[in-house]
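Here's a quick tour of a protein model. Have the sequence and the 3D view open as you read.

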Amino acid sequence: LHDLVRDHESIYIKIDIQGNELSALKSLNSIDFKKVNGIEIELSWNETYVGAPLGLDLMNYLYERGFTVHWIANGIFLEGYGKLLQSDVIFSRYAQ
C-alpha cells in the first residue's frame with residue numbers, strides 16, 4: 001500500500017482484502033497517512049477470517065492516525081446468525 005500512496009499528494013483508498021486490511025494499513029508510514037483523505041474498508045464485526053482483526057481493532061488503529069468514521073453502509077447479516085457480520089466503513093480525516 002505504501003508503494004501506491006507515496007507518489008500521490010492526496011489519495012482516497014478502498015481496501016477489501018479478506019481480513020488483511022490491518023496488515024496493509026501498517027505498511028503506511030506517518031507521511032503516507034497525511035496524504036490519505038479517506039479510507040473505505042470492509043470491516044468484520046464478528047470473526048469471518050481466522051486470526052483477522054475485528055472492526056473495532058481497525059477503527060482504533062485509524063482513529064490513532066487521525067481518522068474517524070464518516071459512513072457505515074452495506075451491512076451483511078447471515079440468515080440465522082443473528083448478528084452483523086461485515087459492513088463497508090468510510091473513514092475521513094478529523095480536524096486535530
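## Overall layout

Starting at the N terminus, the elements of the protein go α-β-α-α-β-α-β-β. That gives four helices and four strands, taken as DSSP runs (helices H or I, at least four residues; strands E, at least two) numbered from the N terminus.

This is a predicted model, in which local features need pLDDT of at least 70 and side-chain atom pairs count only at pLDDT 80 or more, while totals for chains, interfaces and linings use all residues. Residues are numbered from 1 along each chain as its sequence is written, and side-chain values use heavy atoms, with hydrogens and water left out.

## Size and burial

Of the 96 residues, 34% count as buried (under 20% relative accessible area; exposed is over 50%, partly exposed in between; 1.4 Å probe, protein chains only).

## Leu43 on the inside

L43 sits in strand β2, residues 36-44. Its relative accessibility is 0%, so L43 counts as buried. Beyond neighbours within four places in sequence, L43 is in contact (heavy atoms within 4.5 Å) with G55, L58, M59, L85, Q86, S87, V89 and F91. E9 is another story: 34 residues away along the chain, its C-alpha atom is separated from that of L43 by 26 Å.

## Leu78 in a loop

Now to L78, found in the loop between β3 (67-77) and β4 (84-93). L78 counts as partly exposed because its relative accessibility is 44%.
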